[in-house]
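User: Here is a protein model that I would like to go through in questions and answers. Please keep each reply brief and end on the item asked for.

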Amino acid sequence: MGLNVYNTLTRKKEPFHPIEEGKVRMYVCGPTVYNYIHIGNARPAVVFDTVRRYFEYRGYKVNYVSNFTDVDDRLINASKARHQSVPEIAEQFIKAYKEDTGALNVQPATVHPRATETMPEIIAFINKLVESGFAYESNGDVYFRTRKFKEYGKLSHQSIDDLKAGARIQIGEDKEDPLDFALWKAAKPGEIKWNSPWGDGRPGWHIECSAMVEKYLGDTIDIHAGGTDLTFPHHENEIAQSESLHHQTMAHYWLHNGHIQINHEKMSKSIGNVILVHDLIKKFDPQVVRFFILTVQYRHPINFSDALLNDAVQAFGRLKTAHYNLSHRLNESESAANETIVEKYRKPFIEAMNDDFNTANAIAVLFDAARDANIALQNESSTIEELQAYLQVLTELPAVLGLTLADDTDRIVDRDVEALIQNREEARKNRAFDVADAIRDQLKEAGIILEDTPQGVRWKRGNV
Ligand SMILES: [Zn+2]
């Protein structure tokens with residue numbers, strides 16, 4: 001069975017056929033860089049990075065483009081509020097984005113175009129739409145003539161009449177039709193601006209992606225992706241702009257990840273429950289955050305809570321412990337892995353990923369492998385080739401998901417904690433209290449809190 005992907009455009013799972021054999025052209029809408037990213041921005045970054053890694057694992061060459069919106073109303077407002085220029089704010093949060101997504105092991109895109117660096121292409125794109133009658137100038141603004149694009153609404157499966165009922169003209173807009181949307185906005189006094197045939201101004205948000213897709217990937221691409229909230233109006237408008245101009249399909253497959261909830265509530269500024277990645281990865285290992293995001297198939301909603309993340313710490317720890325025990329036992333032995341065992345897990349893993357990148361089922365395969373590895377480790381008749389196979393499975397397959405189970409040396413692992421606690425118990429039995437106290441201090445420094453209970457010593461990780 002080959003790869004099947006769910007296409008928002010057709011609302012069906014479809015076999016994936018690339019435009020060019022062995023290659024994938026993929027565009028993922030990136031963040032507006034006026035603040036640190038929240039987990040709602042992190043989810044598409046992680047899931048579509050995983051999609052990319054899976055394609056690469058299957059031998060495709062992926063051209064992955066993801067933009068930075070570095071000029072828009074929110075940046076202009078932030079610039080006023082913070083008395084910093086728009087480019088200064090953009091620079092600061094592009095850097096923060098790279099740090100935060102880097103911690104989540106998201107690979108940099110092949111290209112990260114910025115709106116401000118794509119201005120000639122954006123202006124040329126708008127100009128062609130004006131020339132072909134799909135757009136018009138009005139008091140220094142330029143609008144797209146939505147009704148002229150007959151397929152408008154095809155992505156979000158809405159009719160033009162449904163949309164008409166909800167459309168309003170904002171104060172200061174002079175549009176022919178409430179459904180029309182801005183391609184270019186005239187600059188207000190003091191605002192950052194670029195020169196154009198329609199006077200000084202800046203581009204609308206939707207046009208930047210159309211121009212970047214055209215510039216970096218071509219008139220038709222394989223995959224266009226983003227959060228489900230971008231389906232309408234953003235992606236609908238991108239399709240209208242690009243397909244009016246090019247008279248061909250913009251993207252064959254439209255992929256959208258589901259939304260985020262916090263303790264089963266919508267994440268929103270007004271509720272005050274927005275979780276910034278910047279803060280979250282101080283509290284939880286970024287690998288665990290990535291793992292947690294991937295425990296849910298990307299189209300489904302995902303609920304975040306400290307309790308769920310703590311469960312993920314435990315679950316991910318089980319995978320790591322299996323990996324640790326295998327590498328400890330094998331002690332860098334170079335012998336070949338038993339291929340039959342490797343295939344036993346590789347096959348269902350690939351089947352899961354071929355089913356619209358079902359990382360939830362792929363992760364279940366990792367737990368099967370970890371469980372069987374633990375049994376094999378306890379079985380004295382297990383051969384080196386068998387154990388080597390489990391180690392390979394628990395290295396190769398997590399890597400496809402951007403996860404590493406190998407221990408980073410500077411981090412104290414559960415196994416070491418248990419060993420130290422045992423040493424401390426021994427020391428106490430032998431009345432070597434200075435040794436026992438030293439171990440307690442060593443653990444405390446590593447953020448491990450011990451509790452002496454009647455049932456014995458319990459421990460937990462404090463927030464380091
Ligand atoms: Zn976009």
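**Pocket, cavity and backbone**

User: Which helices and strands each supply at least two residues of the lining of the largest pocket?

Analyst: Helices (H or I, at least four residues) and strands (E, at least two) are DSSP runs numbered from the N terminus. A pocket is an open set of points on a 1 Å grid over the protein atoms alone, with protein on both sides within 12 Å along at least five of seven lines, and lining residues have an atom within 4 Å of a point. At least two lining residues each come from helix H1 (39-57), strand S4 (61-66), helix H3 (86-103), strand S9 (221-227) and helix H7 (231-246).

User: What kind of model is this, and how are its residues numbered?

Analyst: Side-chain values use heavy atoms, with hydrogens and water left out. The model is predicted, so local features need pLDDT of at least 70 and side-chain atom pairs pLDDT 80 or more, while totals for chains, interfaces and linings use all residues, and numbering runs along each chain as its sequence is written, from 1.

User: What is the volume of the largest pocket?

Analyst: Of its 49 lining residues, the closest to the centre are His38, Gly40, Asn41, Arg74 and Asp229. By class, the lining has 23 nonpolar, 20 polar and six charged residues (Ala, Val, Leu, Ile, Met, Phe, Trp, Tyr, Cys and Pro are nonpolar, Asp, Glu, Lys and Arg charged, the others, Gly among them, polar). Volume here is the space filled by probe spheres set on grid points joined across faces, edges and corners. For the largest pocket it is about 1,200 Å³.

User: Which element gives the largest share of the lining of the largest cavity?

Analyst: A cavity is a set of points where a 1.4 Å probe fits but cannot get out. The largest cavity has a volume of about 30 Å³ and is lined by Val47, Thr50, Val51, Leu294, Tyr298, Phe357 and Thr359. These divide into five nonpolar, two polar and no charged residues. The largest share, three residues, comes from H1.

User: Is Lys269 buried or exposed?

Analyst: UniProt lists Lys269 for "binding site" in an unreviewed entry; such annotations may be inferred rather than shown by experiment. Lys269 is in the loop between strand S12 (265-266) and helix H8 (277-283), and touches Tyr34 and Val274, leaving aside residues up to four places away in sequence (contact means heavy atoms within 4.5 Å). Buried means under 20% relative accessible area, exposed over 50% and partly exposed in between, with a 1.4 Å probe and protein chains only. Because its relative accessibility is 67%, Lys269 counts as exposed.

User: What is the phi of His264?

Analyst: Most residues other than glycine have a negative phi. In the loop between strand S11 (260-262) and S12, Asn263 has a positive phi of about 45°. His264 is in the loop between S11 and S12 and is exposed, because its relative accessibility is 62%. The phi of His264 is also positive, about 65°.

User: How many of the residues of the protein, in percent, count as buried?

Analyst: The protein has 15 helices and 15 strands. Its C-alpha atoms fill a box of roughly 85 × 50 × 35 Å along the principal axes. Of its 464 residues, the buried share is 51%.
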